[in-house]
Amino acid sequence: MPEANTAMFEKDNFNAEKYVKNLVQDCVGGPELLQTKQKIQGLSDTVSSTLKKHVYQNYMQFIETAKEISHLESEMYQLSHILIEQRNLLTTLRDESLLDEQKNIIEEQSLDPNVNEEQQNRKAIQLIKESLLGYNGNLDDKFFIHESGLIELDSNDYRPICRIHLFLFNEVLVLAKVKHDKKLEFLTEYETKKIAVINIKDLDGVNKNAINVITSDGARIFQCINASTKQEWIDKFEQAIKFHQPTKPNPRKKGQAPQPPTSLKFETVVTPKPTDNELLALSPTASEVGRVMVENLPPDWLVTAPEEIQAEIAQRHFEDSLALLQRCEEHLARDSSFRGATEIGEKVRTLKSSLASVLMHELSSSQSRSLQAALRSSRRPLRLLVEMEKSREACGILLRVCTSAIRTSQRQARRNNLAVSELFFCDVALVASEFLRAFSTKAACTSALIVWCNMELQHFASQLIKHYLTKDTQLETVAKVVEGVREPCLKLREIGLDLSYHMEGLLRSTLEQLLDEARYRLVDSIGRTEDPWQPYNLQTKTGLRALLKEFDTLGIDFRAYVTGDTWINLTQATVGFCRHLIQTTESCAFLAKYDSLQRDAETLIRELFLSQHSTKPPNSLNADIKFVAKNKTYMVEVLLPIAMNRFERIAGKKPELLAELQVQLRTVPPKPKPRSVYQTDVL
């Protein structure tokens with residue numbers, strides 16, 4: 001067909017039936033009509049090929065467009081962050097310009113020198129509750145300390161996130177978001193006894209005037225307006241933390257009047273420190289005074305130690321900060337009679353609590369990683385927390401991290417159709433080994449590992465039942481799943497962890513139900529197909545050789561029953577049942593390794609065998625009685641012993657029910673005595 005005629009197919013009024021009628025009328029005879037058909041077919045193939053090329057080109061262009069859109073989206077995201085940063089910067093500049101007028105909400109509205117401290121506190125709390133939208137907490141029994149507006153920064157790249165207003169009380173820290181209409185929307189609150197504050201060092205204006213507040217939700221970084229505001233917040237946080245110390249008085253009660261100092265202090269001495277020779281030249285009284293002055297002053301390294309510890313924590317030099325903390329504690333334990341020892345001791349305790357919070361946050365921050373990566377990253381904080389006597393808290397966090405990592409890997413393994421059982425027990429062994437290594441000196445933590453293993457095993461068993469041991473699951477699949485669980489579970493004994501009995505108990509009820517369902521289903525399938533009760537003809541020698549080879553792998557040899565070139569002197573149903581029984585016996589034997597399932601597994605094999613053994617030819621079929629008896633004898637004398645040996649070899653236990661069945665079927669009932677027609681039992 002000429003290519004010029006293809007244009008008619010593109011017309012709106014094209015009629016296929018009319019076009020075919022015209023072709024038939026124009027063609028003379030079958031050959032021309034066939035030739036025309038071939039031309040149309042060739043044109044159709046060309047159009048189809050062209051269409052595929054166009055679809056492929058459109059698909060490639062779609063992919064390229066999607067990539068461009070992705071790049072554009074990334075650029076727009078970066079541009080959005082830049083705009084947000086510029087907006088926050090302008091907001092900060094505006095706040096600095098209005099700092100003198102709007103520095104503190106409470107100071108403008110509540111603080112009055114003519115009222116006492118109790119009334120000022122109540123009035124401040126009332127104003128805070130009125131200004132917070134969505135806050136339902138109780139502040140009546142709290143003591144207000146400080147509040148101001150800050151900017152929250154991203155903990156990764158220090159980008160501004162939003163404007164935050166903080167209200168600090170003696171027991172809680174309330175966070176509120178500053179909305180566009182200057183109203184405060186409540187976000188969250190934290191207990192002050194569970195938070196720690198770290199002074200972040202200024203780095204070329206990147207995180208200038210920032211503090212790191214360690215909370216139960218992780219680290220939150222806030223940027224202050226200037227350095228003085230930052231220092232004020234640090235002091236106020238320290239004041240709030242001191243409220244939880246039992247030696248401090250009630251914050252609402254006024255303290256006692258200052259008492260005169262009882263120890264000798266030289267705060268106003270401006271003379272230079274005398275040398276040793278000068279001290280010796282002094283009178284005994286003066287020497288004693290100088291000795292007292294020297295002894296009452298702390299060493300220089302101890303005075304600067306809190307600031308150094310803060311810097312080490314901020315720079316993530318945890319080992320150095322812990323070493324310095326321990327050095328300070330040891331010195332304070334030996335000598336605490338110098339001036340300012342109590343204040344330095346409180347700072348050291350606060351910093352130690354801050355370091356523990358940072359280490360716990362560092363330990364819990366590896367939840368999104370793989371299990372191996374999480375365990376590697378946890379070794380450093382674990383070692384330090386154990387050294388700080390925080391073993392119980394550390395082991396709880398570690399096990400929660402491992403739970404998250406294991407369950408994530410299990411979900412990925414199920415989606416990728418991987419061996420979930422081997423992966424799970426390998427992960428459990430890895431966690432147990434790492435746990436015992438980290439807490440080898442803390443025997444009390446071992447109980448936490450045992451409880452965790454039991455909980456994870458319960459969750460794993462529930463997921464295994466949900467995804468792999470559902471109703472109507474084939475018995476062969478069930479056996480593979482159970483064997484896949486048993487082998488890696490037994491390997492845990494190498495590290496002293498035996499979970500086999502617990503695993504058997506978790507799967508027992510489900511496996512019993514599956515065995516019952518399989519028994520009803522398999523027994524019901526016996527006799528569904530008609531059996532001609534004649535020798536099995538394989539039709540070809542190749543087919544016979546293939547069948548003999550197949551049954552050799554099952555431990556069955558039919559060569560003694562081969563007759564002729566292609567015949568087996570057993571029925572086709574008997575041959576098929578041999579294959580079916582051996583495969584079912586293998587599956588049941590794997591399940592019978594659990595002692596609680598052995599009887600159910602043997603019952604299934606027994607009823608399946610009896611169901612096939614009891615089948616008889618119909619009365620309408622003229623079957624050879626001797627041939628029928630030969631099939632039944634083969635099943636009892638050959639097939640059943642092979643199945644029993646296979647069961648014992650796999651399960652490692654003797655099938656007692658099957659042995660009883662064999663004895664029962666081998667017992668031939670006695671024949672009745674022949675009776676004479678001339679004899680009678682009647683007297």
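**Labels and their grounds**

Tutor: Of the 683 residues of the chain, 36% count as buried. The model is a predicted one.

Student: Why does Glu-434 count as buried?

Tutor: Buried means under 20% relative accessible area. Glu-434 has 7% relative accessibility, so Glu-434 counts as buried. Glu-434 is found in helix H14, residues 420-438. Leaving aside neighbours within four places in sequence, Glu-434 is in contact with Leu-375 and Arg-379.

Student: Why does Leu-83 count as exposed?

Tutor: The cut-off for exposed is over 50%. Leu-83 has 54% relative accessibility, so Leu-83 counts as exposed. Leu-83 lies in helix H2, residues 29-97.

Student: What makes the nonpolar surface patch of about 480 Å²?

Tutor: Leu-72, Met-76, Leu-79, Ile-82 and Leu-83 make it. A patch residue needs over 30% relative accessible area, and Leu-83 has 54%.

Student: Which residues touch the most other members of the largest nonpolar core?

Tutor: Among the 118 residues of that core, they are Phe-439, Met-503, Phe-558, Ile-568 and Leu-639. Helix H21, residues 625-651, gives the largest share of this core, 11 residues. A second, separate core has 20 residues, including Leu-175, Ile-195, Val-197 and Ile-234.

Student: What does Phe-439 touch, not counting residues up to four places away in sequence?

Tutor: Phe-439 touches Leu-382, Val-386, Ser-391, Ala-394, Cys-395, Leu-398 and Cys-445. Contact means heavy atoms within 4.5 Å.

Student: Why are E10 and E11 called paired strands?

Tutor: Pairing requires at least two bridges. Two bridges join E10 to strand E11, residues 567-568, so the pair meets the requirement. These strands run antiparallel, and Thr-563 stands opposite Trp-567 in E11.

Student: What makes E9 and E10 edge strands?

Tutor: Strand E9 (536-537) and strand E10 (562-563) each pair on one side only. The open sheet of three strands has the order E9-E11-E10, with antiparallel pairing.

Student: How many of the chain's contacts between residues at least 6 apart in sequence join residues at least 24 apart?

Tutor: Of those contacts, 64% join residues at least 24 apart.

Key: Residues numbered from 1 in each chain as written. Predicted model: local features only at pLDDT ≥ 70, side-chain atom pairs only at ≥ 80, totals over all residues. Heavy atoms only, no water. Helix = DSSP H or I, 4+ residues; strand = E, 2+ residues; numbered from the N terminus. Core = buried A, V, L, I, M, F, W, Y, C linked by side-chain atoms within 4.5 Å. Buried < 20%, exposed > 50% of the residue type's maximum accessible area, 1.4 Å probe, protein only. Patch = residues over 30% accessible without salt bridge, like charges linked within 9 Å, V, L, I, M, F, W, Y side chains within 5 Å. Areas by Shrake-Rupley, 256 points an atom, 1.4 Å probe, with all protein chains shown as cover. Salt bridge = Lys/Arg side-chain N within 4 Å of Asp/Glu carboxyl O.
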